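Work through the following exercises with the sequence and the coordinates at hand. Each task is followed by a solution that goes step by step.

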Amino acid sequence: MIGLAQAAEKVYFQDNKSSIVIFGHTHKYMLDGYLLEAKFPDSVSELLPCKYIYANSGTWINSHPYCTYVETEIKDDKHYVRLFQYTDSGQKTKLKEKFIMVR
């Protein structure tokens, strides 16, 4: 998983090819926001825009207890990336949210 985040940084974030990278099907979901090379603490990055966002939707294999997925939305001047989880009752719960400013 850490290798995928590093791969995203090398392939997409360097040289500003992309500001958001979404991967899927690892065994652990992830949503991290970065300002340059440093990762934002979750308590700050939901309030401040990120320069880069790395998201991984996780997996839905039968033995895994989480059914997580990623949604994106552009609203006003912000591009949001949100990580959600389906509960046993079929409801969805937002786990994390990050955003970048639209260029």
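**Exercise 1. Classify the exposure of Lys92 and Glu71, and then describe the contact of their side chains.**

Step 1. Lys92 counts as partly exposed, because its relative accessibility is 44%, where buried means under 20% relative accessible area, exposed over 50%, and partly exposed in between, computed with a 1.4 Å probe on protein chains only. Glu71, with a relative accessible area of 27%, is partly exposed.

Step 2. The model is predicted, so local features need pLDDT of at least 70 and side-chain atom pairs count only at pLDDT 80 or more, whereas totals for chains, interfaces and linings use all residues. Residues are numbered from 1 along each chain as its sequence is written, and side-chain values use heavy atoms, with hydrogens and water left out.

Step 3. Side chains of opposite charge can pair when their charged atoms come close. The side chains of Lys92 and Glu71 meet in a salt bridge with an N to O distance of 3.2 Å, the criterion being a side-chain nitrogen of Lys or Arg within 4 Å of a carboxyl oxygen of Asp or Glu. This pair links distant parts of the chain, since Lys92 lies in strand S7 and Glu71 in strand S5, 21 residues apart; strands here are DSSP runs of E with at least two residues, just as helices are runs of H or I with at least four, and both are numbered from the N terminus.

Step 4. Lys92 has a further contact, for its charged end sits over the ring of Phe84, 4.7 Å from the ring centre; the rule asks for NZ of Lys or CZ of Arg within 6 Å of the ring centre and within 35 degrees of the ring normal.

**Exercise 2. Describe the geometry of the aromatic pairs Tyr69 with Phe84 and Tyr80 with Phe99.**

Step 1. A pair of aromatic rings is described by the distance of the centres and the angle of the planes. Rings of Phe, Tyr and Trp (its six-membered ring) pair if their centres lie within 6.5 Å, and planes under 30 degrees apart count as stacked, over 60 as edge-to-face and the rest as tilted. By this rule there are four aromatic pairs.

Step 2. Tyr69 and Phe84 are stacked, at 5.5 Å centre to centre and with 15° between the planes. The pair links distant parts of the chain, with Tyr69 in strand S5 (residues 67–75) and Phe84 in strand S6 (residues 78–86), 15 residues apart. Tyr69 is buried at a relative accessible area of 14%, and Phe84 counts as buried at 8%.

Step 3. Tyr80 and Phe99 form a tilted pair, 5.7 Å centre to centre with 45° between the planes. Because Tyr80 lies in strand S6 and Phe99 in strand S7 (residues 92–101), this pair ties together parts that are 19 residues apart in sequence. Both Tyr80 and Phe99 are buried.

Step 4. Tyr69 and Phe84 also belong, with Tyr86, to one aromatic cluster. The ring of Phe99 has the charged end of Lys78 over it, 4.8 Å from its centre.

**Exercise 3. Is strand S4 mostly covered or mostly uncovered, and which strands are joined to S4 by bridges?**

Step 1. Strand S4 (residues 52–56) is mostly covered, as five of its five residues are buried. Tyr52, Tyr54 and Asn56 point one way from S4, and Ile53 and Ala55 point the other way.

Step 2. Strands pair if DSSP finds at least two bridges between them. Strand S1 (residues 20–23) runs parallel to S4 and is joined to S4 by four bridges, and the bridge partner of Phe23 in S4 is Asn56.

Step 3. Strand S2 (residues 30–35) runs antiparallel to S4, with five bridges joining the two; here Asp32 has Tyr54 as its bridge partner in S4.
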